[in-house]
Number of protein chains: 4
Amino acid sequence: MTLVDRMLDTYPKDLGGVDRERLRTCIEACVACAQACTACADACLGEDAVADLRTCIRTCADCADVCDATGRVVSRHTGYDANLTRAVLAACATACRACADECERHASMHEHCRVCAEACRRCEQACRDLLAGPG
Amino acid sequence: MTLVDRMLDTYPKDLGGVDRERLRTCIEACVACAQACTACADACLGEDAVADLRTCIRTCADCADVCDATGRVVSRHTGYDANLTRAVLAACATACRACADECERHASMHEHCRVCAEACRRCEQACRDLLAGPG
Amino acid sequence: MTLVDRMLDTYPKDLGGVDRERLRTCIEACVACAQACTACADACLGEDAVADLRTCIRTCADCADVCDATGRVVSRHTGYDANLTRAVLAACATACRACADECERHASMHEHCRVCAEACRRCEQACRDLLAGPG
Amino acid sequence: MTLVDRMLDTYPKDLGGVDRERLRTCIEACVACAQACTACADACLGEDAVADLRTCIRTCADCADVCDATGRVVSRHTGYDANLTRAVLAACATACRACADECERHASMHEHCRVCAEACRRCEQACRDLLAGPG
């Protein structure tokens, strides 16, 4: 049982109609993707070819910020606002797709971009699954 | 000239087709709103009637996180991605509206909610103006 | 192999004299603790006894913010600054200790506080181990 | 009267023994410095000489994260923990000094580094003044 799971388990009230497994997956994906994007931006900065990786560094920085905020929003259940949560999940899916697309352009040259793109794809999917609601 | 203005002024490349004044207003509104929401969540937590302010505390926390992320995204101009930026601005406008609506419910009782609601309305408008593009 | 591990593995340059295993543990602990603290603040907010949990909500919010920032700083290796990193790790250890102490006060009543306190103790230790350097 | 001022003014309880003016200055300096550092990292990324600005980009990214976290911590007054706040202020002063030193190395070449260094110096001072307590 992961820490995210244990925190969901010990929430004192009902979690509402949310799909509990999709929620857990989304929280974990946002947190992991934020870290991977921060690390990928830094790894790109450390490459000899840094000048070719400007867009990748920038998109990773944006994606890290959006995933961080989204991971926080979906970790909260008290006073849930469906409109707000859905808008944030949609923005996060868009940021993850943009970052995955950009990182994939460099994946054959830079392993960190390949790993980061995977994390972004997983997070995009997790946001879309949570948006789609109970399966 | 504000610090935000000076940083925009010294950006080494063209800022693209963006409306410079709307961009500045949006950056400043996001940063100010994030701080006001963090402070309002804390002020609500300090109220005797904290149990009636749960939703307000939660919405302020979400709005602070989304405004922080948005303020960062719109402070970056290198490798600009219109899709990503627009999705984030849309989410921020939605978060600000939700928080303004909630804070206004308590504005007659709690001055900090009144001030915070103003900051949220201003930020929502600034995000929508930037989304609307050059006037 | 965790995602954090894979990002460390694919960093293009040398990681310096850092203890690689301690670094990985610290990054993972910061990220996990930030999420747990955000969730615990929210769970406390959802409790009937919210008025007794004000300090806990506040300390969790602070600890989440400091762990988030620290997790980002230790995820970067390019242009490493030992002074900056050490100051941030020290602040994070202090924040985690404060939050663990506060959460433990409520651990017998609220399971989420017990789980969160564990995450804080683990993160405090991981920060101190990384500060202590190669074992 | 600034928004930060108005939020301090409407806090429902006593702010404790804190020097109110130093507190306001510190909150405003943290928030402004975080934004300037995010913008400076991005401006450096946009420079032709990006390869010479790696350390500057990294230090700006760290400083932005630490100032953001510190601005949030000092914006909260409920359940105040002096140890935690002091550790965070000390880390922020160290991050700001490191970033100011690094940006000053490039100030004659890049105006954004000059402006950012000023914001860092102001924030370092504001953190130290708040640490020093009532004057």
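H4(B) and H5(B) cross in a left-handed manner, meaning that the near helix is turned anticlockwise from the far one by less than a right angle, clockwise being right-handed. Helices (H or I, at least four residues) are DSSP runs numbered from the N terminus. Helix H4 (residues 82–105) of chain B packs on helix H5 (residues 111–132) of chain B at about 155 degrees, their axes 8 Å apart; axes are lines fitted to C-alpha atoms over the stretch in contact, and angles run from 0 to 180 degrees between N-to-C directions. The pair is therefore roughly antiparallel (over 145 degrees). Contact (heavy atoms within 4.5 Å) involves residues including Leu89(B) and Cys96(B) of H4(B) and Cys120(B) and Leu131(B) of H5(B).

This is a predicted model, in which local features need pLDDT of at least 70 and side-chain atom pairs pLDDT 80 or more, while totals for chains, interfaces and linings use all residues; side-chain values use heavy atoms, without hydrogens and water. Residues are numbered from 1 along each chain as its sequence is written, and chains are lettered from A in the order in which they are written.

In chain C, helix H4 (residues 82–105) contains Thr85(C). Thr85(C) is buried, at 7% relative accessible area (under 20%, with a 1.4 Å probe and protein chains only). Beyond neighbours within four places in sequence, Thr85(C) touches Val73(C), Val74(C), Tyr80(C) and, in chain D, Arg58(D).

Chain C can be laid on chain A by a turn of 180 degrees and a shift of 0.0 Å along the axis, with an RMSD of 0.0 Å (least squares on C-alpha atoms of residues with pLDDT of at least 70 in both). The two copies are thus related as by a two-fold rotation axis. Val31(C) has the C-alpha nearest the axis in chain C, 3.5 Å from it.

Technical notes: Helices (H or I, at least four residues) and strands (E, at least two) are DSSP runs, numbered from the N terminus. Buried means under 20% relative accessible area, exposed over 50%, partly exposed in between (1.4 Å probe, protein chains only). Angles under 35 degrees count as roughly parallel, over 145 as roughly antiparallel, 65 to 115 as roughly perpendicular and the rest as oblique.
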